Amino acid sequence: MTTHASIIGIGSYLPERILTNAELETLVDTSDEWIRSRTGIVERRIVADDQATSDLAAAALTAALMKAGIAPNGIDLLIVGTSSPDMLFPSTACLVQNRLGMVCPAFDINAACSGFVYALQAGVSAIESGRAGRVAVVGADALTRIIDFTDRSTCVLFGDGAGAVILEATDEPGVLGIALGADGSGADLLKVPAGGSARPITRDALDARENFLTMNGSEVFRFAVKIIPRATNEALAASGLTVTDLDWLVPHQANQRIIQTVGQRLGIPSDRVFSRVDRVGNTSAASIPLALDDLYTSGQLAPGDLIALVGFGAGLTWGAGVVRWTMARPTKEA
Ligand code: UT7
């Protein structure tokens with residue numbers, strides 16, 4: 001019998017500190033009205049001074065393990081999707097593994113905002129090939145650590161957070177088709193120029209503010225509204241399904257205008273396109289599992305629901321995955 005992978009636990013974590021649009025108005029030449037109307041974002045969370053991406057990831061993973069009823073040493077593989085690791089190395093996954101007392105191999109995947117879907121694909125493949133029975137897949141980012149809070153075109157967009165799922169080998173398919181893609185010719189559109197081997201952090205790099213994220217927003221916007229419908233349809237086709245089979249679209253939470261446009265292009269009713277970008281902003285690799293956990297916790301997801309998860313980001317990268325939801329609705333005390 002073919003082995004499939006299903007989601008048996010989900011959890012998420014947001015840092016406590018809320019950064020409002022009003023506060024951003026004091027930092028750069030912007031307005032609450034501009035941010036709301038151009039992005040849909042009202043507030044976002046930012047890491048505390050003593051927190052790093054591994055702290056967010058560990059908290060989300062702990063919640064997902066509890067929901068699954070699995071001890072940390074019951075996991076065979078840990079994959080963390082992140083593009084804001086605690087440091088260049090060791091991987092954030094190794095830091096999380098040690099924190100939770102896990103005994104499995106652990107590695108990071110950097111596909112920027114597509115990181116969760118890429119990590120999901122790696123986790124599902126490990127299960128389907130029989131190399132792992134249970135895999136923890138985390139999306140975690142603290143992008144505000146690499147945001148230039150003097151650049152109004154980027155600093156209003158991003159927030160920090162983490163989300164995690166536990167995958168387990170099952171007879172019935174939970175995660176169905178996944179479609180991933182990359183186009184490195186768009187690498188310059190969204191990047192952090194310094195801090196890697198091409199441009200080490202030097203006084204010059206710091207003076208040029210090259211240690212911060214830079215983005216061509218309108219080009220990335222154009223890319224997003226084109227690629228999300230395409231990737232979603234590819235993942236559905238790989239599952240032998242079409243968009244009319246979907247109960248939910250959970251897209252990367254970058255901009256409400258993108259979320260709305262792709263919902264319309266796919267012909268999905270707006271109340272079936274999940275959005276929480278107003279409360280969290282763009283949390284990069286965390287955004288899809290955070291949104292999925294929110295949808296689940298709100299009690300709106302029913303067992304058997306068909307969900308498309310779809311992300312896009314720096315690279316350029318993109319990825320969509322179709323999931324048959326198998327977890328029971330949350331109980332009140334959960
Ligand atoms: O996870 C990967 C993700 N990245 C994205 O998904 C980003 C995708 N792109 C976007 O979401 C949008 O392009 C932005 C929200 C970044 C920008 O919205 P836009 O409607 O594309 O605006 P724009 O870049 O074309 O700028 C329009 C105007 C410019 O002024 P001028 O040149 O027309 O005078 C900007 O300088 O808005 C100005 N502007 C701002 N004004 C007030 C840019 N940022 C701000 C700001 N506050 N924060």
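## Helix pairs and buried faces

In this predicted model, the axes of helix α8 (residues 217–238) and helix α9 (residues 256–266) come within 9 Å and cross at roughly 40°. Here axes are lines fitted to C-alpha atoms, for helices over the stretch in contact, and angles run from 0 to 180 degrees between N-to-C directions. Helices (H or I, at least four residues) and strands (E, at least two) are DSSP runs, numbered from the N terminus. The two helices α8 and α9 are therefore oblique to each other; angles under 35 degrees count as roughly parallel, over 145 as roughly antiparallel, 65 to 115 as roughly perpendicular and the rest as oblique. The crossing of α8 and α9 is right-handed, a term used if the near helix is turned clockwise from the far one by less than a right angle.

Contact (heavy atoms within 4.5 Å) is made by residues of α8 including Phe221, Ala224 and Ile228, and by residues of α9 including Ile258, Val262 and Leu266. The residues of this contact divide into eight nonpolar, three polar and three charged. For this grouping, Ala, Val, Leu, Ile, Met, Phe, Trp, Tyr, Cys and Pro count as nonpolar, Asp, Glu, Lys and Arg as charged, and the others, Gly among them, as polar.

Residues are numbered from 1 along each chain as its sequence is written, and side-chain values use heavy atoms, with hydrogens and water left out. Because the model is predicted, local features need pLDDT of at least 70 and side-chain atom pairs count only at pLDDT 80 or more, while totals for chains, interfaces and linings use all residues.

Now look at α9 by itself. Ile258, Ile259, Val262, Gly263 and Leu266 are buried there, where buried means under 20% relative accessible area, exposed over 50% and partly exposed in between (1.4 Å probe, protein chains only). These residues cover an arc of only 130° around the axis, which puts them on the same side of α9; the arc is that of the directions from the helix axis to the C-beta atoms. The face turned away from the buried side carries the exposed residues Gln264 and Arg265. Among the elements covering the buried residues of α9 are α8 and β12 (306–313).

Next comes the pair α3 and α4. Their axes come within 9 Å and cross at roughly 55°, and that makes α3 oblique to α4. The contact is made by residues including Thr53, Ala57 and Leu61 of α3 and Thr92, Val96 and Leu100 of α4.

In helix α4 (residues 92–100), Thr92, Ala93, Val96, Gln97 and Leu100 are buried. Seen down the axis of α4, these residues fall within an arc of 140°, so they line one face of the helix. They pack against α3 (53–68), β4 (77–81) and β5 (106–109). Just after α4, glycine 101 takes a positive phi of about 70°.

| Residue | Relative accessible area |
|---|---|
| Leucine 120 | 0%, buried |
| Arginine 276 | 12%, buried |
| Threonine 53 | 2%, buried |

Leucine 120 is found in helix α5 (residues 115–128); its contacts, not counting residues up to four places away in sequence, include Val137, Ile178 and Leu309. Arginine 276 sits in the loop between α9 and α10.
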